[in-house]
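Please look through the model shown below before reading on. The paragraphs that follow lead from a single loop residue to the chains, their contact and their cores.

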Amino acid sequence: MEWLESQIAEWRTLISSNPALNRNDVEELETHLRDQVDELSEAGLSDDEAFLIAVKRIGKLDEVSREYSRENRGKLWRQLVLADGGEPEPASRWIEALVFAVGAAVAIQVARLAVGFPDEEYWLLRNAALLVLPFLAGYFARRRTLHLRQFVLASVPFVIAALVVNLYPFTAGGSTELLVAAHLPVALWFVVSYPYMSGRLRSHELRMDFVRFTGEWFIYYVLIALGGGVLMALTVFILEPTGVADPERIMEWVLPSGAAGAVVIAAWLVESKQRVVENMAPVLTMIFTPMFALMLAGAAIVYVVTGMGDAFDRELLGVFDALLVVVLGLVLYGMSARDASARPGWMDRIQLVAVVSALVLDVMVLGTMIARVGEFGFTPNRTAALGLNLLLLVSLAGTAWLSNRFLTGRGTFHQLERWQTTYLPVFALWAVVVLVVLPPLFDFA
Amino acid sequence: MQIEKDLVAASATPLVLAILAEGESYGYAILKRVRALSDGELDWTDGMLYPLLHRLNRLGYVTTEWRIPPEGRRRRYYAITDEGIAALAEHKKQWVTVTRALGGMWGRADLLPFALKGA
């Protein structure tokens, strides 16, 4: 009996070390193992025979854990990153990332010198995403070993975007040009999802994975930017008294290249140092979701009590777009960090409060905006802001509805997730509309 | 007889749902029931059952609860939901169609009992 217990303990340690299985999974499997051993022992087998057969029936650990990681949502990356159970990744992986990062850094530098920045700053602004994101797409295309056909498919949108952005006769510094500069990165980010998801765009699981990747990439990028900022500031302070280098020239060289290279490096960090962020993500949502819920609920009450007032700014819609994007980001992030099989908890309720408050605020702003649309008229900026606002409103209203059903036990968390992943392409489509349709509509003003 | 892997995988969901439709159960008991139903021909890798059950849970087809029965160890029990019953009905329709088609082709009725048992 003692022998058996020690064997089971050893087996438990072994499967516990598998990242795809959580504590409940391990306990469930252990109970299963014990049931099996008991039954075999009753049938007359000795302890060691019973144990060996029971372990064998549970299956090969790598096959079973692959099934688990497929099911334990959010752990899907483990299949991609740790293909054969926990091997540290070879050095060639980071060299690969470095090559693409340097590529992006060089591309933006060449472009800057070619147009004689800062003379043509708007050209550079408009094309920045086109100079950087192909390298990110290329990195994933290589990492996921895409077929040639998929590779061609992934590059087509970049070519089309390059044509649109450079053939449209923009008024330099006009609002349509700035809108294009702001929407191109978004549209191309969705293009990157194609190689990221190995071309399987229909898979809702992979879509959620891409959402998670986006959130974690953002965290890493901000961290790199903060570190880079400190480094730059110190460099300038140290070199300034010597008079050897002109701080502005250093900025011109280092800043664009650093920002471009960091795009790929952050992606590589998400891919290979996933576990670090994975621990951070739930903590961040735990901290910020209640804070936003409190702020939004307070603001909603103030707005309802005092009304919009005279301070209503005609560009307020843009601010609210940003607010809704942040709320949606928190919702998506919280969702991807959540254990999908868990029962509704207080975090889900707080999240619903945040979403509903944001909705109330936004509906009030939209109402005022639409009531006074004759007075304000449609400008490119306002059209883009209004469109995005309506899309976000629908997305969050759906979230609130399904989240309420989930909390009251009439719906599942799965439906809520599905709604988000189904809705994602709508945002991509809108970014394309702003890029392609809006400029001619407003005479490239 | 060795039943092909794809066929085992395809039949797993309706089989588990059908077993749970008889009443709540836990992993080990479900597996025993599967072996008994198929006279030991459907031999699953035990470890594969749990990810499947967790998937059904995520889809809202089953609910789960940890309980300690009067005698025995703490287990995770699974019970079918209304959605699960609806999904089972859908699976049944598909399997009956498939087995009827195969039965028609082979001109034998011996596939039908299986179809009816599932229905």
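Is B:Asp39 buried or exposed? B:Asp39 is exposed, because 7 other C-beta atoms lie within 10 Å, where a residue is called buried if 20 or more other C-beta atoms lie within 10 Å of its own, exposed if 12 or fewer, and partly exposed in between, with C-beta atoms placed from the backbone. This is a predicted model, in which local features need pLDDT of at least 70 and side-chain atom pairs count only at pLDDT 80 or more, while totals for chains, interfaces and linings use all residues. Residues are numbered from 1 along each chain as its sequence is written, and chains are lettered from A and ligands numbered from 1 in the order in which they are written.

B:Asp39 is found in the loop between helix 2 (27-37) and helix 3 of chain B, where helices (H or I, at least four residues) and strands (E, at least two) are DSSP runs numbered from the N terminus. The phi of B:Asp39 is near 50°, a positive value in a residue other than glycine. Most residues other than glycine have a negative phi. A positive phi also occurs at A:Asp443, near 55° and again in a residue other than glycine; A:Asp443 lies in the segment after helix 18 (438-441) of chain A and is exposed, with 11 other C-beta atoms within 10 Å.

Chain B contains five helices and three strands, and from the N terminus on its elements run α-β-α-α-β-β-α-α. Of its 119 residues, 25% are buried. In helix 3 (residues 46-58) of chain B the buried residues include B:Leu49, B:Tyr50, B:Leu53 and B:Leu56, and this helix is followed by B:Gly60, whose phi is positive, near 85°.

The three strands of chain B form an open sheet in the order 1-3-2, with antiparallel pairing, two strands being taken as paired if DSSP finds at least two bridges between them. Strands of a sheet pair through backbone hydrogen bonds, either parallel or antiparallel. Strand 1 (25-26) and strand 2 (62-67) of chain B are the edge strands, each pairing on one side only. Strand 2 of chain B pairs with strand 3 (residues 75-80) of chain B in the antiparallel sense over six bridges, and B:Arg67 stands opposite B:Arg75 in strand 3 of chain B.

Chain A, by its count of elements, has 18 helices and zero strands, and 34% of its 445 residues count as buried. Two residues are in contact if their C-beta atoms, placed from the backbone, lie within 7 Å. Among the contacts with a separation of 6 or more, residues 24 or more positions apart account for 79% in chain A and for 47% in chain B.

The contact between the two chains takes 20 residues from chain A and 18 residues from chain B. On the side of chain A that touches chain B, helix 2 (23-42), helix 3 (47-58) and helix 4 (61-71) of chain A each supply at least two residues, and the largest share, eight residues, comes from helix 2 of chain A.

Within chain A, the axes of helix 13 (residues 316-337) and helix 16 (residues 380-407) come within 9 Å and cross at roughly 30°; axes are lines fitted to C-alpha atoms, for helices over the stretch in contact, and angles run from 0 to 180 degrees between N-to-C directions. Residues making this contact include A:Phe320, A:Leu324 and A:Val327 of helix 13 of chain A, and A:Leu388, A:Asn389 and A:Leu392 of helix 16 of chain A.

A:Phe320 lies in helix 13 of chain A and is buried, because 21 other C-beta atoms lie within 10 Å. Not counting residues up to four places away in sequence, A:Phe320 touches A:Leu361, A:Asp362, A:Val365 and A:Asn389. The C-alpha atoms of A:Phe320 and A:Val365, 45 residues apart along the chain, are separated by 8.1 Å.

A nonpolar core is a set of buried Ala, Val, Leu, Ile, Met, Phe, Trp, Tyr and Cys residues joined through C-beta atoms within 7 Å. The largest such core has 79 residues, and those with the most contacts inside it are A:Ala104, A:Val132, A:Leu136, A:Val264 and A:Val327; its largest share, eleven residues, comes from helix 13 of chain A. A second, separate core of 32 residues includes A:Val64, B:Leu17, B:Val34 and B:Leu88.
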